[in-house]
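The following questions and answers examine how structural terms are applied to one protein chain. Each answer sets a value against the definition of the term and then concludes.

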Amino acid sequence: MTVRQVVIAGASVAGLSAADALRDGGFDGSITLLSDERRRPYDRPPLSKELLSAEDELELAWLRPAEHYAAQRLDLRLGHAAVGLDIDRRYVITSDGEALPWDAVVVATGSRPRPLVTAEGRPLPVLRTAEDLRSLRAAAARYGEVTLVGASFIGLEIAASLRELGVAVTVFGATPLPLGDVVGSEVAGDLRDLHLAHGVRMRMGVEVVSVSGAPGSFEIRTADGATHRTPYVVAGVGVQPNDDWLVGSGVDLDAGVLCDAAGRTNVPGVWAAGDIAHFDHPLLGERVHVDHWTNAVQQGRLVGANIARGEAAEHTGVPYYWTDQYGRRLHSYGRRRPGDEAVVAEGALGTEEYLVLYGAGDAFHCVLSCGRERSLRPYRKLLQRRGTWHEALQLAGRGADVTA
């Protein structure tokens, strides 16, 4: 069928990328962008990085200039979230009760922080929105001390940013090392030591069983019987997909929206992109969801282009993420697997520069850089063409008999 009306649920980086790709691909029909926030779409990664540690007033990084939406003929509906999908009559229902007709829908509603609730039933603060950031900055200035439950990317970035402001920080993590399942024990140990060196109190391998109290006086109890008192707590224990509005719609869900590598769901005309997409990745050979900014851009643009051109090109980009902590930026391509061997190909752990390769058997899975960005490109190309572990080691000039 001819597509004339596209509704994009979520004015996220994935949603905006899809809208731009639609126009770039020659689509001249209507594009409606639905946003649950009342401010113009902005970039979220800076919230836990430079904006949190900034001492001046917030200046959000807008995803697009204000004039972009009119220039691209995008109908941006701020404060109008998607709350339902009718696949038979082909309507998207919004939070203000409007029924928007569609020929194609892009689900780009992303994810939200997994909630933690106090013993009294109050949700703990998180960091996802500009309002969350303002609250955290105010609390840090008022109390001078913050405790983080969760040693995820967001938790570690918040810790680093707060320490730059001189705020006392304690981090509780359920695993022995922060991000150990993502970067492996070698790099995870280096990250732990980096935070310790900057004065963060790391309580790793400790399960938090309850949090009680309110801002100004919280009490954390752990499985080992210890009690930790702190004036402010932020939860960073992962995310969950914003797919509640699709329950019962007929769209297949499983830890997000199930789709193929082109972004197509089981319902014709309904597509998914970004954090919420749970898709079969041709390069990785497994079903994944990639909760990172670059993937959202790539997948959003792919879906927009596919709709505009009537195609079903597959997303085969190498997963990529970066994180900033204490002036160091870690870049990673690929995906480390459990049991991977880690080889330090350049530099040395414990310093400001190193490059680590991950693989097992003859499979090359991942490369991670700290301060060695110029070395990443050949390994990214190798991952893109499914090069072997032997080739990765040869590229590093280390030979096949290297030990970690």
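Q: In which loop is Tyr326 found?

A: Tyr326 is found in the loop between β21 (320–325) and β22 (328–334). Strands here are DSSP runs of E with at least two residues, helices are runs of H or I with at least four residues, and both are numbered from the N terminus. The model is predicted, so local features need pLDDT of at least 70 and side-chain atom pairs count only at pLDDT 80 or more, while totals for chains, interfaces and linings use all residues. Residues are numbered from 1 along each chain as its sequence is written, and side-chain values use heavy atoms, with hydrogens and water left out.

Q: Why is Tyr326 called buried?

A: Buried means under 20% relative accessible area, exposed means over 50%, and partly exposed lies in between (1.4 Å probe, protein chains only). Tyr326 has a relative accessible area of 13%, and therefore it is buried.

Q: What is stated about the phi of Tyr326?

A: Tyr326 has a positive phi of about 55° although it is not a glycine. Most residues other than glycine have a negative phi.

Q: Which other residue has a positive phi of about 55° although it is not a glycine, and why is Ala255 called partly exposed?

A: Ala255 also has a positive phi of about 55° and is not a glycine. This residue, Ala255, is placed in the loop between β16 (239–241) and β17 (257–259). Its relative accessible area is 45%, so Ala255 is partly exposed.

Q: Why is Arg89 called exposed?

A: Arg89 has a relative accessible area of 62%, and therefore it is exposed. Arg89 lies in the loop between β4 (82–86) and β5 (91–94).

Q: Why does Trp389 count as buried, and which residues is Trp389 in contact with?

A: With 6% relative accessibility, Trp389 counts as buried, therefore. Trp389 lies in helix α10 (residues 389–395). Leaving aside neighbours within four places in sequence, its contacts include Glu341, Val343, Tyr358 and Phe364. Trp389 and Asp362 are 27 residues apart in sequence, yet 4.8 Å apart in space, C-alpha to C-alpha.

Q: What makes a set of residues a nonpolar core, and how many residues has the largest nonpolar core?

A: A nonpolar core is a set of buried Ala, Val, Leu, Ile, Met, Phe, Trp, Tyr and Cys residues joined through side-chain atoms within 4.5 Å. The largest nonpolar core has 46 residues, and Val146, Val183 and Val187 have the most contacts inside it. Helix α6 (residues 153–164) gives the most to this core, with six residues. A second, separate core of 25 residues includes Ile8, Val13, Leu76 and Trp271. In soluble globular proteins, nonpolar side chains tend to be buried together.

Q: How do you know that Arg40 lies over the face of Trp62?

A: A charge sits over a ring if NZ of Lys or CZ of Arg is within 6 Å of the ring centre and within 35 degrees of the ring normal. Arg40 lies over the face of Trp62, at 4.2 Å from the ring centre.

Q: Which domains does the domain assignment give?

A: Domain bounds come from an automatic or database domain assignment. The assignment gives domain 1 (5–112 + 239–309), domain 2 (130–235) and domain 3 (327–396). The C-alpha centres of domain 1 and domain 3 lie 31 Å apart.

Terms used
Contact = heavy atoms within 4.5 Å.
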